[in-house]
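Hi,

Here is the structure I promised to pass on. Have a look at it first, and then read my notes below.

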Amino acid sequence: MVKMGDGTVNTIQTFNRRTTPETGAPRLALLREAMQAANVDAFLVPRADAHQGENVAACDERLAWLTSFTGSAGFAAATQDAAGLFVDGRYTIQSRIEVDEAAFSILRHPEDKLSDWLRNALSPGRRIGFDPWLHTAGEIERLESDLRSAQLTMVPCPNLVDRVWKDRPPAPSAPILPHPIEVAGRSSSQKRAALSADLKDAGLAAFVLSLTDSIAWLLNIRGADIPRTPVPRAFAILHDGGNVQLFTAPSRCDDRLKSHLGPDVAILPPSDFEGAIGALSGRIGVDKSSAPFWISDRLRAAGQDVHWARDPCILPKARKTDAEIAGSRDAHLRDGAAMARFLAWLDAEAPRGALTEIDIVRRLEAFRAETGELRDISFETICGAGPNGAIVHYRVNESSNRAINPGELLLVDSGAQYQDGTTDITRTIAVGSAPVEACKPFTLVLKGLISMSRLHWPEGLAGAHIDACARAALWAAGLDYDHGTGHGVGSYLGVHEGPQSLSRRSMEKIEPGMFLSIEPGYYREGAFGIRIENLAVVQTPEIPGGGERKMLGFETLTFAPIDRKLIDPSLLTQVERDWIDDYHREVLNRISPLLDEKTVSWLRLACSAL
């Protein structure tokens, strides 16, 4: 955030409309010409780069360029006669707004399967082109299996979108920076020694790493290649001796970084990656679910012994160190103070009716910047007033920017990147008087947050086993929400981090030290959206009497008031009322020392007992 000479402020976020539906049809026509020239009958366009991260650099925004859809998940497929955009339930409304449905049919994933669509769109013997860098081996293997009976063939080829995207931005090349051990909690050499021992136990000579956050975690480095996620784009090979080959432009690595990495990490240009893969010997580990098809294809072409296994960094990265947990606590207190200042300002200004969604986003970012510790936001702020709040991943732009009207709900989902922690918080606020029709669903959502926050469960359970605890009150009223209850969070890394999550599909065991969001919601299309989100760390709780089994539970990390105007106390049990009062008491005690007296006075009222 930069203050200009005229007093205006440049925020990290911008609000220009990046795409328009009108470009879809002509760009699709260009792609079809390229398909014909490449002798393929269909082409797949994922919302992915070669590292399969959630966020991608501007040069990799191929799905948005082609379809105008700007969501963080989805993919498209095109033939000469049809084109489909596949999105999940979070993006149903957004995709209808952004995409030309005359050019692209909007399908719901995973209910609508790509293989079924391709079967219907193509006759036997047709060829389906794909960029081998942008699809995983597991993805292509499943498609080939599903399409074999239809006699459809998957064909790796150069990226055809890139051939027709004439003003494609250049690839980023920001400097790579050391991540201090004081906040990481373990040195890179310690991590590499532990993982190399695991490789030896598994009979692996090396493991090819393609996930940017895994490489950043393993080497204790950070970067600025990907918006909102502080990672460098790179590949790496971890060897069973603990040494690493890091493939990135050497010009990005200064003497300080080289000293940080030490002699056991060789920095090599990306052009050396293919040769290094071909020179490997022994059993080589590759993650089928995340590594590009290109990697395993080249390994096999070189006669290598490919062994499918999970990226060895995934679980250790998810189990946060004591230093990372302590850092997250500090980051959340800092962020909580910024949120308190923001909410106090909003409470005073919004009822006057002079603010817009963009005003809200800018002011919240300014409060975070004033901490002096903000490195970036952790994702584009979701700020939806009235009906815009029902668009789960709504991103305001100059065209959609809506006035904040008294008597409406305002949903604000935001987060920050600090060197000691990544934050993510959602609060739904009544602007002025609370709309009566919103109080019941808001309270039901709050009941879900409380239920999950208080939950103790036996060690060994996964997110799928406990997700329903956040939905039970909504289900009893015939309501639900079409997104997961919670996602993993990194430590000054991705705001969405696996493998853990709270969802109906997650079978990953929840373990101590994992960060998770808890964010139940409710969305009434055309009216309002409600979501309340706190982050928490999994801990081993004290059980009265000791209990018979080892249990796990959540320690709340997020401290910011929840709008009491929207709570209907008659729908809460005494235990739930006690929880919200205790939570607000904790917010006041922890955040007040970081605030000016005027904000503290507001916070006392916001945190008063029900």
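To start with the sheet: in which sense do strand S3 and strand S4 pair, and over how many bridges? The pairing of S3 (residues 42-46) with S4 (residues 75-79) is antiparallel, and it runs over five bridges. One of the residues involved is proline 46, whose bridge partner in S4 is phenylalanine 75. Keep in mind that this is a predicted model.

S3 and S4 belong to an open sheet of six strands, and the order across it is S6-S5-S4-S3-S7-S8. Pairing in this sheet is mixed. At the edges you'll find S6 (105-108) and S8 (153-156); each has a single partner strand, so one side of each has no neighbour in the sheet. On average, neighbouring strands are turned by 25° against each other, ignoring direction.

Next, the helices. Helix H4 (residues 114-121) lies across S3, S4, S5 (83-87), S6 and S7 (127-130), and it runs at about 10° to S4.

H4 also packs against helix H5 (residues 137-147), at an angle of about 45° and with the axes 10 Å apart.

If you want to see where they touch, pick out Leu114, Ser115, Leu118 and Arg119 in H4, which meet Leu143, Asp146 and Leu147 in H5. By type, the residues of this contact are four nonpolar, one polar and two charged.

Cheers

Notes: Residues numbered from 1 in each chain as written. Predicted model: local features only at pLDDT ≥ 70, side-chain atom pairs only at ≥ 80, totals over all residues. Heavy atoms only, no water. Pairing = 2+ DSSP bridges. Helix = DSSP H or I, 4+ residues; strand = E, 2+ residues; numbered from the N terminus. Axes fitted to C-alpha atoms, helices over the stretch in contact; angles between N-to-C directions. Contact = heavy atoms within 4.5 Å. Nonpolar A, V, L, I, M, F, W, Y, C, P; charged D, E, K, R; others polar.
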